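I opened this model to look up a few helices and their surroundings, and I keep my entries here in the order in which I made them.

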Amino acid sequence: MEFQPIILPAGQWDALQASYAAPPRAYHHFGHVRALLQHAQWVAAQAPWQQPREVYLAVLYHDAIYESGRKDNEARSAELAAEAIAQWLPEQDIDVARVRELILLTARHGSLQPGDVDDEAALFLDCDMAILGAPEAVFDAYDRGVAEEYAGSVPAFLYRAGRRRFLRNLARQPRIYLSDLFHQHFDAPARANLLRVAGP
């Protein structure tokens with residue numbers, strides 16, 4: 001079962017999927033969104049989301065604009081989400097500020113501690129980071145995909161150094177995941193993946 005607390009108009013859905021197809025992506029494509037929706041459904045099976053529609057829209061739009069090497073992807077994606085809600089869902093009483101907040105928080109992966117965000121934001125962010133605790137083959141495919149996305153915009157040696165530094169920093173955090181739910185289920189395999197790829 002897929003997490004889907006609101007049905008989008010066909011035109012909005014088509015525009016959203018088109019945004020994930022450009023530029024061509026090796027990881028941050030719509031398959032990534034579908035994986036997050038599965039994790040959001042898994043969370044919902046433990047306890048209902050307090051703002052399920054806002055979480056759903058944040059999942060859908062969080063990487064809608066993604067150009068490797070740019071620092072404003074999250075801000076542009078949040079703006080696109082706000083514009084799409086105004087255009088397509090004006091009568092739905094969506095908390096647009098919350099959707100924007102959740103998307104903008106994804107720019108701070110690796111720098112947040114559990115007390116920095118509320119419980120629902122922690123779960124949303126952990127859905128996005130669940131890939132770190134995936135089986136080795138799935139994690140390695142993710143790691144290759146991200147590297148491929150950066151191949152045309154960052155010199156390989158700089159990317160490798162920056163990527164290793166980011167992953168090693170995550171592994172050194174006392175908590176990789178912000179929520180207790182994800183910490184209990186994914187911390188150990190995530191640390192194993194990070195240490196295997198980036199070293200101690």
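In which helix is the place of R163? I find R163 in helix α8, helices being DSSP runs of H or I with at least four residues, numbered from the N terminus. I work from a predicted model, in which local features need pLDDT of at least 70 and side-chain atom pairs count only at pLDDT 80 or more, while totals for chains, interfaces and linings use all residues. Residues are numbered from 1 along each chain as its sequence is written, and side-chain values use heavy atoms, with hydrogens and water left out.

I noted that R163 is buried, at a relative accessible area of 12%, where buried means under 20% (1.4 Å probe, protein chains only). Leaving aside residues up to four places away in sequence, R163 touches Y142, D143 and V146, contact meaning heavy atoms within 4.5 Å.

Finally I examined α1 (residues 10–20) against α2, whose axes come within 8 Å and cross at roughly 115 degrees, the axes being lines fitted to C-alpha atoms over the stretch in contact and the angles running from 0 to 180 degrees between N-to-C directions. Here W13, L16, Q17 and Y20 of α1 meet F30, V33 and R34 of α2.

Conventions. Helix = DSSP H or I, 4+ residues; strand = E, 2+ residues; numbered from the N terminus. Buried < 20%, exposed > 50% of the residue type's maximum accessible area, 1.4 Å probe, protein only.
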